[in-house]
Amino acid sequence: MNIGLNVYKGQVWIIFMVKKLAKIMGETYTLSCKDIGSEDCGFSVTTHSIDEVKKAIFAHARYAHPDKVQDMTEEQKESMLEMIDKKFSSKKI
Ligand SMILES: [Zn+2]
């Protein structure tokens, strides 16, 4: 009886872990250029990690809005990265 219950608990644990892993693997983050202040830009990026979102949005900004990026100070870039972190922190478990 006790052994049966332990096996059952073990199975539930494995299913729980697999589901959790699938959720992490399937988690996506979407950021649009509008989110970082370009009202008239329709660009958006979806990736599986926040770091990739940041890299992609900055790569896009350097390419599509070089004037804006050039005018940005290091502090402004930092605060933009913080803003992106905040945007996604509410989504994290
Ligand atoms: Zn843009």
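Trainee: Where does S89 sit?

Mentor: S89 is in helix α4. Helices are DSSP runs of H or I, at least four residues; strands are E runs, at least two; both are numbered from the N terminus.

Trainee: What kind of model is this, and how is it numbered?

Mentor: The model is predicted; local features need pLDDT of at least 70, side-chain atom pairs 80 or more, while totals for chains, interfaces and linings use all residues. Numbering starts from 1 along each chain as its sequence is written.

Trainee: OK, S89 again. Buried or exposed?

Mentor: S89 is exposed, because 9 other C-beta atoms lie within 10 Å.

Trainee: How far is S89 from I50?

Mentor: Their C-alpha atoms are 9.8 Å apart. In sequence, S89 and I50 are separated by 39 residues.

Trainee: And how do α2 and α4 pack?

Mentor: Helix α2 covers residues 50–64 and helix α4 covers 74–89. Their angle is about 140°, and the axes are 11 Å apart. Axes are fitted to C-alpha atoms over the stretch in contact, with angles from 0 to 180 degrees between N-to-C directions.

Trainee: What do we call that orientation of α2 and α4?

Mentor: α2 and α4 are oblique to each other. Under 35 degrees is roughly parallel, over 145 roughly antiparallel, 65 to 115 roughly perpendicular, the rest oblique.

Trainee: Which residues make the contact?

Mentor: From α2, I50, V53 and K54. From α4, L81, I84, D85 and F88. Contact here puts C-beta atoms, placed from the backbone, within 7 Å.

Trainee: Switching to strands. Which residues are on the covered face of β1?

Mentor: Y29 and L31. T30 and S32 are on the uncovered face of β1, which runs over residues 29–32.

Trainee: What does β1 pair with?

Mentor: Strand β2, residues 44–47, in the antiparallel sense over 4 bridges. Pairing takes at least two DSSP bridges.

Trainee: What stands opposite T30?

Mentor: T46 in β2. Leaving aside neighbours within four places in sequence, T30 is in contact with S44 and T46. T30 is exposed, with 12 other C-beta atoms within 10 Å.

Trainee: How far is T30 from I50?

Mentor: 8.8 Å, C-alpha to C-alpha, at 20 residues apart in sequence.

Trainee: Last one. Where is G26?

Mentor: In helix α1, residues 2–26. G26 is exposed, with 8 other C-beta atoms within 10 Å. The C-alpha atoms of G26 and V12 are separated by 21 Å, at 14 residues apart along the chain.

Key
Buried ≥ 20, exposed ≤ 12 C-beta atoms within 10 Å, placed from the backbone. Contact = placed C-beta atoms within 7 Å.
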